[in-house]
Amino acid sequence: MKYYVNENCIGCGLCESVCPDVFSLSEEGVAVAISEDVPEDALGSAAEAKSDCPVSAIEER
Ligand code: SF4
C-alpha cells in the first residue's frame with residue numbers, strides 16, 4: 001500500500017497530524033507522502049488521513 005498527494009493539496013497539515021509516519025509538509029507548503037510502502041502499524045492512521053483530507057488530495061498509487 002502506497003499513497004501520494006495530488007495537486008489538490010492546500011497544505012492544511014491535517015494528514016501530517018494524523019499520520020506523521022507517512023505524510024509531511026514540504027518546503028513548498030504542501031504535503032508529501034513517503035515513497036515506500038506504508039508501514040504496517042501506520043495503515044490505519046494513513047487511511048484515516050486519506051478519508052479526512054478536506055480536498056481529497058490523498059490517493060492510493
Ligand atoms: S490533509 Fe489533504 S490538504 Fe491537508 S495537507 Fe494533507 S493532503 Fe494536503
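**Note on the predicted model**

1. The protein chain has two helices and four strands. Their order along the sequence is β-α-β-β-α-β. The coordinates come from a predicted model, and the points below should be read on that basis.

2. Overall dimensions. The C-alpha trace of the protein chain spans about 25 × 20 × 20 Å along its principal axes. A compact globule of 61 residues would have a radius of gyration near 10 Å, and the protein chain agrees because its value is 10 Å. Of the 61 residues in the protein chain, 30% are buried.

3. Ligand site. The ligand sits in the largest cavity. It is surrounded by 14 residues, and the closest are C9, C12, G13, C15 and C53. By class, the shell around the ligand holds 12 nonpolar residues, two polar residues and no charged residues.

4. Cysteines of the shell. C9, C12, C15 and C53 are among the closest residues to the ligand. C9 has a relative accessible area of 17%, under the 20% limit, so it is buried. C12 is at 48%, which lies between the 20% and 50% limits, so it counts as partly exposed. These accessibilities are computed on protein chains only.

5. How many disulfides does the structure hold? The number is zero. A disulfide is a covalent bond between the sulfur atoms of two cysteines. The criterion applied here is a pair of cysteine sulfur atoms within 2.5 Å, and no pair in the structure counts as a disulfide.

6. Strand β1. This strand covers residues 3-5, and Y3 belongs to it. Y3 counts as buried because its relative accessibility is 3%. Y3 and E28 are separated by 25 residues in sequence and by 19 Å in space, C-alpha to C-alpha.

7. Loop between β3 and α2. Strand β3 covers 31-33 and helix α2 covers 43-52, with P39 in the loop between them. Is P39 buried, partly exposed or exposed? P39 is partly exposed, with a relative accessible area of 31%. The C-alpha atoms of P39 and G11 lie 23 Å apart, and the two residues are 28 positions apart in sequence.

8. What is the phi of S56? The angle is near 50°, a positive value in a residue other than glycine. Most residues other than glycine have a negative phi.

9. Strand β4. Both I58 and E60 are found in this strand. I58 counts as buried, because its relative accessibility is 5%. E60 is at 46% and therefore counts as partly exposed.

10. I58 and L43 are 15 residues apart in sequence, with 14 Å between their C-alpha atoms. For E60 and A47, the sequence separation is 13 residues and the C-alpha to C-alpha distance is 9.7 Å.

11. Points to keep in view. The ligand is in the largest cavity, within a shell that has no charged residues. The structure has zero disulfides.

Terms used. Residues numbered from 1 in each chain as written. Predicted model: local features only at pLDDT ≥ 70, side-chain atom pairs only at ≥ 80, totals over all residues. Heavy atoms only, no water. Near = heavy atom within 4 Å. 1 Å grid on protein atoms, 1.4 Å probe; cavity = no way out; pocket = protein on both sides within 12 Å on 5 of 7 lines; lining within 4 Å. Sits in = over half its atoms within 2 Å of the grid points. Nonpolar A, V, L, I, M, F, W, Y, C, P; charged D, E, K, R; others polar. Buried < 20%, exposed > 50% of the residue type's maximum accessible area, 1.4 Å probe, protein only. Rg over C-alpha atoms; globule rule 2.2 N^0.38 Å.
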